[in-house]
Amino acid sequence: MLDARREHLDALNAAVNEGRAERLMRAEGLAKKSDDLPELLELWLGWWRDVLLVHAQRSDGARITNIDRQSILNEQASRFTLEQIESTLKSVRATARYLAQNVNARLAMEVLLLNLPGK
């Protein structure tokens, strides 16, 4: 379970540093494991929540769930605007809803990854 968490967070952190072509390839790979997507999106939602809390400087240890990755949280909180973080949270939530409604997993993940802040 911890290995899956690490892999999912590593994928997210890599995606925000990738260009469009790499993000599309990553979306294809993630969509092939569609059974894992609800768990992945829940983890990503928690990640962006933590980024929002750090950005708002409300990051006491009791609120942050990804405390083991505090330095990456700090980096992303300073790198992205409040609007980008909020938009990403909305996109992750929407993607989870779309997948629950049985939309094409690859298309949903492509849209999500292309809308992530970063490059």
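Start by selecting Asp-3, Arg-6, Asp-10 and Arg-69: a network of salt bridges links these residues (a salt bridge is a side-chain nitrogen of Lys or Arg within 4 Å of a carboxyl oxygen of Asp or Glu). You are looking at a predicted model, where local features need pLDDT of at least 70, side-chain atom pairs count only at pLDDT 80 or more, and totals for chains, interfaces and linings use all residues. Residues are numbered from 1 along each chain as its sequence is written, and side-chain values use heavy atoms, leaving out hydrogens and water.

Now zoom in on Arg-69 and Asp-10, whose closest N and O atoms are 3.0 Å apart. Arg-69 sits in the loop between helix H3 (37-55) and helix H4 (70-79), while Asp-10 belongs to helix H1 (residues 2-15), so their bridge ties together parts 59 residues apart in sequence. Helices here are DSSP runs (H or I, at least four residues), numbered from the N terminus. Arg-69 is buried at 12% relative accessible area, whereas Asp-10 is partly exposed at 35% (buried is under 20%, exposed over 50%, partly exposed in between, with a 1.4 Å probe and protein chains only).

Next, pick Glu-28 and Arg-106, a salt bridge with its closest N and O atoms 3.9 Å apart. This pair joins helix H2 (residues 20-31) to helix H6 (residues 105-115), 78 residues apart.

Finally, select Thr-95 in helix H5 (residues 82-100). Is Thr-95 buried or exposed? Thr-95 is buried, at 4% relative accessible area. Leaving aside residues up to four places away in sequence, Thr-95 touches Leu-41, Ala-108, Met-109 and Leu-112 (contact means heavy atoms within 4.5 Å).

Terms used
Helices (H or I, at least four residues) and strands (E, at least two) are DSSP runs, numbered from the N terminus.
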